[in-house]
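Hi,

Here is the structure I said I would pass on. Have a look at it first, then read my notes below.

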Amino acid sequence: MTTDLIDPTLDQAIAYLTTPSAQPPAPEAVVEALLTAEKTAKQTKVRHSYSQLLGTWRLGFITGTKRSRQRAGVVLGAGRFLPKWVKIQLSYSPSEASQAQGTVVNSVQLGSLQLVVTGPVQFFAKTNILAFDFTRMNVSLFGLNLYNGYIRGGQEREASFYDKPLKDKAFFTYFLVENRAIAARGRGGGLALWTALSGRV
């Protein structure tokens with residue numbers, strides 16, 4: 001279920017990422033708000049669907065991770081807002097084969113250089129996990145195509161993607177899915193917050 005009831009700190013972060021004149025909250029407060037949202041999602045056992053992720057989202061806030069010396073697990077590093085000049089977008093599109101399957105496009109634009117990777121995705125509603133693999137890449141500079149094709153045995157990995165167990169795939173676990181923003185924890189333990197681009201329904 002999508003909800004617009006959101007923590008005031010996350011609300012401020014979303015406003016900062018989508019409104020030129022808005023002021024950002026402290027990164028530490030955003031990390032705490034994301035952790036609270038994740039905890040609430042687990043306690044309420046909220047379930048999302050792949051259809052809620054369809055569209056284009058811009059990455060705005062990330063945290064790093066560091067390994068605990070006591071091997072107690074993953075410890076979050078400091079969170080930070082991405083600079084406005086760094087344009088990283090994530091787009092999900094549906095598949096005719098299944099409502100839980102589709103395609104992801106991740107684009108990174110730095111000035112005149114654009115890197116786009118694409119691949120298959122599969123959503124597991126019971127755990128809110130979205131598994132993915134980037135199998136193709138396109139690189140362009142000043143609009144000139146430098147490379148377009150499969151990467152790292154992408155054709156074979158793409159063909160066998162839906163047959164592989166989840167433990168062999170990269171994935172995000174989404175704990176916040178609402179109209180203006182989505183947030184997830186990556187397989188490596190880091191957190192990320194994306195905001196919806198204008199024009200998304």
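Below is what I found in it.

A word on the model: it is predicted, so local features need pLDDT of at least 70 and side-chain atom pairs count only at pLDDT 80 or more, while totals for chains, interfaces and linings use all residues. Residues are numbered from 1 along each chain as its sequence is written, and side-chain values use heavy atoms, with hydrogens and water left out.

Start with strand E11, residues 191–196 (strands are DSSP runs of at least two residues, helices H or I runs of at least four, both numbered from the N terminus). Six of its six residues are buried (under 20% relative accessible area; exposed is over 50%, partly exposed in between, with a 1.4 Å probe and protein chains only). In a regular strand, side chains alternate between the two faces of the sheet. Here Leu191, Leu193 and Thr195 point one way, and Ala192, Trp194 and Ala196 the other.

E11 runs antiparallel to strand E10 (residues 181–186), joined by five bridges (strands pair if DSSP finds at least two). Ala181 stands opposite Thr195. Four residues sit between the two strands of this hairpin, where Gly189 has a positive phi near 110°.

Now find Lys169, in the loop between helix H3 (154–160) and strand E9 (170–177). Lys169 is buried but has no salt bridge (a Lys or Arg side-chain nitrogen within 4 Å of an Asp or Glu carboxyl oxygen). Asp163, the nearest side chain of opposite charge (Lys and Arg count as positive, Asp and Glu as negative; His and chain ends are not counted), is 8.1 Å away.

Cheers
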